[in-house]
Amino acid sequence: MAEVYLNSKFVGYADDPREYVRKLRETRRAGALGQSVSVAYDPRADRVEVEAARGRAQRPLIVVKDGKPLLAERHIRQLEKNEISWSDLVKEGVVEYLDAAEEENATVAFFENEVAAETTHLEIMPLDILGYCTSLVPYGNFNQSTRLNAGSKNQKQALGLYAANYAVRMDMDVNVMHHAQKPIVETIMHDICNYDSHPAGQNVVIAIMSYKGYNMEDSIILNGGSIQRGFGRSTYYRPAIAEELRYSGGLMDEVCIPDKEVKGYKSEKDYRYLEEDGIISQEAKVKEGDVIIGKTSPPRFLSSMEDYNLATSTRRESSIGLKHGEEGIVDFVLITENEEGNKLVQVRLRDQRIPEIGDKFTSRHGQKGVAGLIVPQADMPFSASGIVPDIIFSPHGIPSRMTIAHLIEMLGGKVGSLSGRYINGTTFDAEPEEKLRKELQSLGFRENGVETMYNGQTGEEYQAKIYIGNMYYLKLKHMVANKIHSRARGPIQLLTRQPTEGRAKEGGLRLGEMEKDTFIAHGASLLLKERFDSDKTVVPVCEGCGIIAIKDDHKNRTYCPVCGDGVEVNFIEVSYAFKLMLDEFKSLGLYPKLELTSKY
Amino acid sequence: METIAKEYADKLPKKLIDEINEHLPKGASQAKIRKVFEAVQKEYESAKISPGECVGLIAAESIGEPGTQMTLNTFHFAGVAEMNVTVGLPRIIEILDGRKELKNSMMEIYLKKPYSEGKNLKELALQIKETTLSHIATEFTINIADLTIEVGLDKQKMKDLGITPAMVIASITKQVKGFNVKEKDGGISVKTKSKDESLNEAYKAKERLKDIHVKGILGIRQVLPLKRGDEYLIITAGSNLGDVLQLEQVDAHRTTTSDIYEIQNVLGIEAARQAIINEVAKVIDSQGLNVDIRHIMLVADGMTVSGEMRGITRYGVVSEKSSVLARASFETPIKHLINAALTGEVDRLTSVVENVMINQPVPIGTGLPGLVSKQKK
C-alpha cells in the first residue's frame, strides 16, 4: 500500500505501486495523459508522486522497451524526408519528457550499444546534457567542467555578426566583427544553429611558448602583421538620442543650431558639424566635445520677474555632444517621432576598433587573455615551413587549468587547415585524437604537433620544439578604448568639493582607507596630507567663540555670526569635509568650538 | 671582562650581557671582548624600533592581511559527538573581541605522572565530565494524584559512572530546597514539603530536576582522552579551569583552557596576556600563515594594559581612546559626539585619525619631529 500524491496533495493508496506507475506511464505514452504529467515512485518513502504542476524542468529521452529503443530506422528515414516531426515522435510515445523526480526511476543508456535488459530510456544524444553555448566548445569532454562554464560564458561576450540587419538597426553599444569566420574545428551544434550565418571568431595560428615575458599571467602576444591583415578588427556602434520634449505652458524643446544668446552656449567651433536642421552631417569625424544634435530647451523656472522680461532669450542649451574621451564617425541619422508624437532624432556613431594592447581575446575553452604586446611580423618566431603564429599563448596557462581540449583543438585545427576540411569536435562524439595525429603525420608534420621554431629577431633556432596549431579565437567585447581612464585635475562634486567618481564623470581614483593605512605605516605623514589635499579650503575662525566666521569680500570685512564685528578672526586651512562635519555637528545641536593655537 | 660589562650595563639589557658572558671563551683578550660588546651593541641598536614608527598600524596590517586568507571551517573531532572547535577567523575574532561567552570553549588537561602514562585514564575522564540527573535518568514522570515526581534511573550508566542512588538523593537535597527525596523501586521520588502545590509547580520542579548536577565538574560537557606523543591527556568541550586545577591528578602547570576570561580570573592578567598570544598564534600557525609574534604581543598588551581584559571593540579598547573624533570615526559616532558635547571634551588632535580628518600632517613618521628653538630671555 503506497500513498499516492497528486501535485503534492494526498489522493489515495495504490496496492501495487510499481504496476500502478507502469500503467500510468503507459497511458501517458498512449497519449491519454498530457506529456507534462510526470509519475515517480519513491520506494524508500513508499509513495507515488504524480506531478502536473507548471514550472518543472523536463527533458526528452527515447523510450526503451524490452531492451530495444522505440526509435527505429523507419522514424529516422521519415524525419529526414520531413514526413514526420518531433511532435509526432512525442505523440507516438517514442520520445517522452522526464522531470527530475521521474528521472530517479529511469535507467538511461548513454549510447545505443549500452542498452541492456533493465534500460528504460536512451539518451537522444550525449551532447544534450550541455546547453547551447557549451555545446559549441569542441572536445568539451576533455575539459574540466569549470572551464566549460567559463568557455561558454566567454563565447556570449564574443564579437561577431550579431544580426544580419545590423546596418539598419539602432542598437545601443554594439560591436560587429569585420571578418568573422566559421571554426575549422566545429561541433554538431554549429550546424544545427547555422553558425556560419552569425559567426563570432576567427581561425588563427597559435603557438604555445613564452615571448620576453609579455605573455605572462594570461596575457597573449599578437602578431602585428595579422592585425594589419584584419585580425580582430571590429566596429563599435554607439547611438546618440535627442527628443523634443513638451513642457507645460506650450513650451517645447527645439532641435536646431543654438543661438549665441542661449544660456550655456558652448562655442562656435563645437557646433561646426551641424547642418541647418541642427543635426550633424553623415560621415563627419567627431571628437570629444563636438555637438552631435543641437538642441535648446525652454527656461527652467518662469516664475521670477527677470524671466518674464527676457522670456524669449533665456532658452537653455541642451545639446547632445560627445563625452570626454569619445570619438567616432557619424554613421547613420534617423529622424522620427516617438509614441507621444514628439520629434525624435537618433544618430549612430561608428568607431573602427583595431586590436591594441589591453584588448581581450579568448579561445573557446575559458582561456581568456589580454593582449600584452603587439610584435611586428618580422620579429615574430617562425616555423621551419615559414609559418608565423598570429597569437603566442603562454604555456603556464595549461597545467593548472587542465584544458586538454584546447590542445586537441589546436591539433584538429592544424589537420583541418592542412587537408582543407572541417573537423568534427562534438563533445562525446568527436573525431578521435589518434586519427588526427595519424593524419597530421601523413601530411608531413610531426605526429604530436610540435615544430622547430626560429627566433624572429636573431634567426636562431629555439632549443625547445614548439607546439603550434590552428584554433578558433574570439575577440571579447571588453576593449581598453572603452575603459581607459586617468585624471590629473578635473571636475569636483558640488557638496563635498572632492573629485567626482567614475570614468563617465572623469573622476578621480580614490585613495581609500587601506591605501591611507599604507602611507601611515611608512610614516609618510606629509605625503599623506598632500594626497588628501583635494578638498582643502581656508576658513575664517572666530577667536571668541571658535565657530566658523564669515568673510565678506564685497565689503572687505570679516565678522562672526555669533560674536558680531570687532572680534579677531583667523584663517585656518582644513579639508572642506571637516568644515561640513562641523556644520553637521551644529545641526545635531552640538557646539564644535575650535581652539586655535599658533603652530610656531 | 667585568669592567667592560659594567661599562655596558646601561647600554645593553642584562640578559644580553649575561649571554655574552656565558658564550665568551675563557681567557679572551680585553680587546676581543670589547669588540664583541661593540658588535652586540650595534646589532642591538639596529634592532630597536625608531621613534615615530607606527607599530600599531603595522601590527594591524600584519594580522589583518593574512586574516583575509583564513577559512571559516569549524573542525570536528572524528567519532565524538558534539565536539567541535572554533578555528580560523571566527576564533581570532572571538579572542580579539574579548568575548565572555565562547562558541566552543575547550580545555587541554595535562596529568601528573602515573596518570599521564594512562593510569585510570577513563575513570579520571568520567570524574571530570559533568553528569546531570537527566544523563542518568531513564524517565521523569509526574504522579498527578499525589503530585510527586518520579525519576527512573539507568542502573548500568550509574554503575559505569560510579554513582549510587544515595549520592543522587544527596545532591538533589543539597541543590534544591523544600523537597522530600526518597528512594523508591530503584528510582527516586521527589515530593514537595509545602502543602498547597499545583500541578504547574510540579512541572516546573521536574524541569529543574533535570539540570541537577550529580557528579563531575560543572561546565565540562564532553571529555576526550587522547594520546599526544608519549603522554596521555584529556581534551574537553566546555571549560572550568578553577575546578579542574583543584584535582590532584592534574598537572596545573600545563593545563589550559581556550576561555581567556577564565584564565584571567584564575591565574591573573599576565597569564591572560600570554593566553591571548598563544591562542592567536595557534590559530595563525594552524592555517599555515606566518605572522611575527611581536605583532600579536602588541595586540595582547593593548588588550590587557588596564589590568583587566578588554576586547578590541567599541566597548573595549576603542572606548579608551582619548580623542573624540577618533572614537566617533569607529562605530556609533553620534553616541560619542553627544556624550563628548555634554561633558565639554576637548580633542587635542594628538593621534592619526583626527589629523587625517582635518587634513593636517599626522604625528607619526616624518610628521613627528618639530623644531625646538632656544627662547631669548
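This briefing covers selected features of chains A and B. The model is predicted. Chain A is divided into four listed domains, from domain 1 (2-124) to domain 4 (489-600). Chain B also has an assignment, running from domain 1 (2-47) to domain 4 (321-363). Two residues, K475(A) and S116(B), and one helix, α11(A), get a closer look.

**Domains of chain A**

- Domain 1 spans 2-124, and domain 3 spans 235-353.
- Domain 2 is written in three pieces: 140-167, 176-233 and 357-475.
- Domain 4 covers 489-600.
- Between the C-alpha centres of domain 1 and domain 3 of chain A lie 63 Å.

**Lysine K475(A)**

- K475(A) sits in strand β30 of chain A, which runs over residues 466-475.
- K475(A) is buried, yet it has no salt bridge.
- The nearest side chain of opposite charge belongs to D359(A), 4.2 Å away.
- The side chain of K475(A) does make a polar contact of 3.1 Å with the side chain of S234(A).
- Leaving aside residues up to four places away in sequence, K475(A) touches several others, among them Q157(A), M177(A), R353(A), P355(A) and F361(A).
- S234(A) and D359(A) are also among the residues it touches.

**Helix α11 of chain A**

- Helix α11(A) covers residues 433-442, and its buried residues are L436(A), E439(A) and L440(A).
- Seen down the helix axis, these buried residues fall within an arc of 100 degrees, so they line one face of α11(A).
- An α-helix has 3.6 residues a turn, so residues three or four places apart point the same way.
- The face turned away from the buried side carries the exposed residues E434(A), K438(A) and S442(A).
- The cover over the buried residues of α11(A) includes α10 (404-419) and β27 (423-424) of chain A.
- G444(A) follows α11(A), and its phi is positive, near 95 degrees.

**Domains of chain B**

- Domain 1 spans 2-47, domain 3 spans 131-215 and domain 4 spans 321-363.
- Domain 2 is again written in pieces: 56-75, 87-101 and 258-320.
- The C-alpha centres of domain 1 and domain 2 of chain B are 36 Å apart.

**Serine S116(B)**

- S116(B) belongs to helix α6 of chain B, residues 113-116.
- S116(B) has 6% relative accessibility, so it counts as buried. The cut-off for buried is under 20%.
- Not counting residues up to four places away in sequence, S116(B) touches L111(B), D230(B), E231(B) and Y232(B).

Definitions and conventions:
Residues are numbered from 1 along each chain as its sequence is written. Chains are lettered from A and ligands numbered from 1 in the order in which they are written. This is a predicted model: local features need pLDDT of at least 70, side-chain atom pairs count only at pLDDT 80 or more; totals for chains, interfaces and linings use all residues. Side-chain values use heavy atoms; hydrogens and water are left out. Helices (H or I, at least four residues) and strands (E, at least two) are DSSP runs, numbered from the N terminus. Buried means under 20% relative accessible area, exposed over 50%, partly exposed in between (1.4 Å probe, protein chains only). Lys and Arg count as positive and Asp and Glu as negative; His and the chain ends are not counted. A salt bridge is a side-chain nitrogen of Lys or Arg within 4 Å of a carboxyl oxygen of Asp or Glu. A polar contact is a pair of N or O atoms within 3.5 Å; within protein, one must be able to donate a hydrogen and the other to accept it, and residues adjacent in sequence count only if both atoms are side-chain atoms. Contact means heavy atoms within 4.5 Å. Domain bounds come from an automatic or database domain assignment. The arc is that of the directions from the helix axis to the C-beta atoms.
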